[in-house]
Amino acid sequence: AGYGVPMLIGGITEAVLHMLRIRVPEMTAAAFATGSLVIGIGVWRYGLFQLSTTSVAPSVVESSKDAILVLDPGGRVAAANAPAASLVGTSEDELVGMPLDEIVEDDPAALLASIRAEAHSEGELTLRTRQGGTVPVAFSSSHLGSGAWTASGFTVVLRDLTEQRRAAEQSRLQEQFNHAVLNSIPGVFYLIRPDGTLARWNEHLERTSGYTAEELVQIDVKQLFEEDDHRRLMERIAEVFDEGESTLEAGFRRKDGTVRP
């Protein structure tokens, strides 16, 4: 239409001018430009090619590897792809038509209000599966526009956070275990980086030195020893990183200034 109608108008105009023996070649270009303008106004004013849930579903939703839901303005699922259906534990056909409150564990009304209010929004929510379980997901939503102030629907992209949450829990448990092991060592224990700062330590160091954990993060290991021993201390630390081990007897200086051998 964008090309054919203006060309037809231009052709008719040129033929009429030729029959009338009027030689105005610029009229063809003017007719073409006028026809293009008319088509453009029609597209803009009447939304001849506006996006809708039915046009988005086959071209974007089904081809994406991400879990995608297309919601109508009322919050019902207008289209869904296979990954989204898999998250909910149902088929794509069964998922279509479901309202948010059937698949969202959190406050569905608040979620829909947030999606409506922001052209682009993101966050985390919990999906309710058809088998009675739940799935934590991160979501990102966007409006499907039908006009300057309205939306014909919303796309919601979902990412399963189950593995991420499981990994975070494993990391937390591992850290608790490491902390317990370090604190079960009867003596002072700490790890030193090559630059002399402390990487981690047990609670015995805090009690023996008198420094808090917040203070130990900031200090250099040399501050824990007598100044006369600093050179030998750094030599031994370098020896550890070069050869794997070393030994040193030195004066251990507490925060209150007292020294222990």
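Which residues line the largest cavity? This tour of a predicted model reaches them after a view of the whole chain.

Residues are numbered from 1 along each chain as its sequence is written. Local features require pLDDT of at least 70 and side-chain atom pairs pLDDT 80 or more, totals for chains, interfaces and linings use all residues, and side-chain values rest on heavy atoms, without hydrogens or water.

**Whole chain.** Of the 261 residues, 30% are buried, that is, under 20% relative accessible area with a 1.4 Å probe, protein chains only.

**Largest nonpolar core.** Select Leu69, Leu95, Ile103, Leu127 and Leu158, which touch the most other members of the 25-residue largest nonpolar core. Such a core is a set of buried Ala, Val, Leu, Ile, Met, Phe, Trp, Tyr and Cys residues joined through side-chain atoms within 4.5 Å. The largest share of this core, four residues, comes from H4. Next, centre on Leu158, which touches Ala67, Leu69, Leu87, Leu127, Val137, Ala138 and Phe139, leaving aside residues up to four places away in sequence; contact here means heavy atoms within 4.5 Å. Apart from this core lies another, of 13 residues, including Leu205, Leu216, Val221 and Leu224.

**Largest cavity.** Select Leu69, Leu71, Leu100, Val104, Leu111, Ile115, Leu125, Leu127, Val156 and Leu158; these line the largest cavity. On a 1 Å grid over the protein atoms alone, a cavity is a set of points where a 1.4 Å probe fits but cannot get out, and lining residues have an atom within 4 Å of a point. The space inside is about 60 Å³, a volume being the space filled by probe spheres set on points joined across faces, edges and corners. Strand S1 (67-71), helix H6 (108-117), strand S3 (120-128) and strand S5 (151-160) each supply at least two lining residues.

**Largest pocket.** Move to Tyr190, Ile192, Phe225, Leu233 and Leu248, which lie nearest the centre of the largest pocket among its 18 lining residues. A pocket is an open set of grid points with protein on both sides within 12 Å along at least five of seven lines. The largest pocket holds about 390 Å³ of space. Finally, colour helix H10 (230-243) and strand S6 (190-192), each of which supplies at least two residues of the lining; H10 gives the largest share, five residues.

How values were computed
Buried < 20%, exposed > 50% of the residue type's maximum accessible area, 1.4 Å probe, protein only.
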